Amino acid sequence: MQFNLKEIINAIDCEIIHKAPILNDEVLFNISTDTRKLEKGDVYLPLRGENFDGHNFIDKAVETGARGYFTQDKFKVNENADFIIYVNNALVTYLELAKYIRNKINPKVIAITGSCGKTTTKEMLYSVFSTQFKTHKTILNHNNEIGLCETMFNMPLDTEICIVEMGMRNLGEIELLSNYSNPDIGIISNIGSAHVERLGTLKNIAIAKCEITKNLKKDGLFIGAKSERLEENLNFDGKKIITSLDEAKNIKISIDSTTFEYKNETYEITQPGEYNVSNAILVIEAALSQNISIENIKKGLLAYKPIEKRWEKSIVKGFTFVNDSYNANPESMNAVLKTFLEIYPKPITLVLGDMGELGKDEIMYHKQVGEFLSKYSDIKLLTVGTLARHIARNCTLDSVEFENNEQCAKYIMENVEKNTTILLKASRSMKFEQIIEMVEKI
């Protein structure tokens, strides 16, 4: 969205510390936070973080053709710019402008969070709501403060529905995101152990996730998947819908799809897994609340496609890889393993890696995955990483441990029989896509 100087002055708390005498206050411009993408005539907003300071690139921005810039430092004056706007905090300014855009365009905002499943649910929501509304969404997993601002700044003026994914690292972050997005609908996909390293306890995780209701509109709607943690920590007096996987009937899972019945209607998703059914029910309830037809809900769920590294299938050198290494925590790990082991015929091989951000109990969580796998047999288990070895050492499967992806890829080529289906599951930091790339090159 474009702004003019008059609009900026009215939208945020700021001070003009330099202005060219012939400047027209109503000339429109884009705001850019990255000098590498800045175009002539843009206005530069330099963000400041723990490891970077955009203020160091103000002169470069002006040289590139920036019409003006924001600054937190009054001494950062480059009079080659047409105007300079002083603000107390550039990130807060970015958020305030994002909120200004949100209110000006005024779409229905749907906010989604959860320990796992939030990106999947967001993509399903987009697929379903796009059948009936002009819909905009958070791209990929850009779910922090910067991502929220990017989402709002890139929102088309005719947007009717804006779907915002909210991640969190600590208490207060989802409350902040909900403050600047002011959702009409808030959704929690689930509350699990992801980020327990940062928040200390599962209760704190629940409290943090439930912050999504702090700035939910009073006449808004909350939708959540049933759990004790949710119900004990949710404080919202408005309309609530609590869903449960138990409400779905006749769930049938195959390699390429899942069908289920919900409220006397049959739905299909082109992805396997009960966890996808749980996410789909949240989406169905959100869609029904906005009077999306059953026909369009079914159409949208069928059109849903996961983002990269979510149950991503490829055939390489005679192996079928199922790459689900977008992220991993104990809940998503067991859910994916259960689905994979139930639907794929043998021979199959599991390649499991470290799950990150699990805190002081990280070894215990990995051991529990091993214990979960012990009820299966005739499966090869390969682990990569220092934590994942505890999966191998606490299960009864034939297993081999590796320190890195290269060792694992070489073993696959030399020891795993062709026509095997291989599941890759780990936290994103493990970069398991490298295993596929290495197998392709060997």
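1. The largest nonpolar core of this predicted model has 79 residues, and those with the most contacts inside it are Phe70, Leu350 and Leu373. Helix H3, which spans residues 90-105, gives the most to this core, contributing 7 residues. Apart from it lies another core, of 31 residues, among them Ile185, Phe260, Ile269 and Tyr304.

2. If neighbours within four places in sequence are left aside, Leu350 is in contact with Leu337, Phe340, Leu341, Leu373, Ile379, Lys380, Leu381, Leu382, Leu397 and Leu423. Of these partners, Leu373 is also named among the residues with the most contacts inside the largest nonpolar core, while Leu337 and Leu341 take part in the contact of helix H12 with helix H13.

3. The pairing of those two helices can be described in some detail. The axes of H12 (residues 330-343) and H13 (residues 362-373) come within 10 Å and cross at roughly 20°; because that angle is under 35 degrees, H12 is roughly parallel to H13. The crossing in which H12 passes H13 is right-handed. On the side of H12 the contact is made by Pro330, Met333, Asn334, Leu337, Lys338 and Leu341, and on the side of H13 by Tyr365, Val369, Phe372 and Leu373. By class, the residues of this contact divide into 8 nonpolar, 1 polar and 1 charged.

4. Lys346 and Pro347 are joined by a cis peptide bond, with omega at about 10°, and Pro347 lies in the loop between H12 and strand E17, which covers 348-353. For context, most peptide bonds are trans, and most residues other than glycine have a negative phi.

5. Two residues have a positive phi although neither is a glycine. Asn182 has a phi of about 45° and is found in the loop between helix H6 and strand E9; with a relative accessible area of 22%, Asn182 is partly exposed. Lys431 has a phi of about 55° and is found in the loop between strand E20 (421-425) and helix H16 (433-441). Lys431 is likewise partly exposed, with a relative accessible area of 45%.

6. A second pair of helices, H5 and H6, can be read alongside the first. The axes of H5 and H6 come within 10 Å and cross at roughly 15°, and the two helices are therefore roughly parallel to each other. Their crossing is right-handed. Glu145, Leu148 and Met152 in H5 meet Leu176, Leu177, Tyr180 and Ser181 in H6, and by class this contact has 5 nonpolar, 1 polar and 1 charged residues.

7. Thr151 lies in H5, which spans residues 145-153, and because buried means under 20% relative accessible area, Thr151 counts as buried at 4%. Not counting residues up to four places away in sequence, Thr151 touches His136, Lys137, Thr138 and Cys162. Glu175, found in H6, is partly exposed, with a relative accessible area of 31%. With residues up to four places away in sequence again not counted, Glu175 touches Glu211, Lys214 and Asn215. The C-alpha atoms of Glu175 and Lys375, which are 200 residues apart along the chain, are separated by 41 Å.

8. Helix H8, residues 202-210, has Ile205, Ala206, Ala208, Lys209 and Cys210 as its buried residues. Among the elements these residues pack against are strand E6 (108-113) and strand E9 (185-188). They also pack against helices, namely H4 (118-129), H6 (173-181), H7 (196-199) and H9 (228-233).

9. A last point concerns Leu28, which is placed in the loop between strand E1 (15-19) and strand E2 (31-32). Leu28 is partly exposed, with a relative accessible area of 46%. Leaving aside neighbours within four places in sequence, Leu28 is in contact with Gln2, Phe3, Asn4 and Arg67. From C-alpha to C-alpha, Leu28 and Gly41 are 9.0 Å apart in space, and they are 13 residues apart in sequence.

Note on methods
Residues numbered from 1 in each chain as written. Predicted model: local features only at pLDDT ≥ 70, side-chain atom pairs only at ≥ 80, totals over all residues. Heavy atoms only, no water. Core = buried A, V, L, I, M, F, W, Y, C linked by side-chain atoms within 4.5 Å. Buried < 20%, exposed > 50% of the residue type's maximum accessible area, 1.4 Å probe, protein only. Helix = DSSP H or I, 4+ residues; strand = E, 2+ residues; numbered from the N terminus. Contact = heavy atoms within 4.5 Å. Axes fitted to C-alpha atoms, helices over the stretch in contact; angles between N-to-C directions. Parallel < 35°, antiparallel > 145°, perpendicular 65-115°, else oblique. Left-handed = near helix turned anticlockwise from the far one by under 90°. Nonpolar A, V, L, I, M, F, W, Y, C, P; charged D, E, K, R; others polar.
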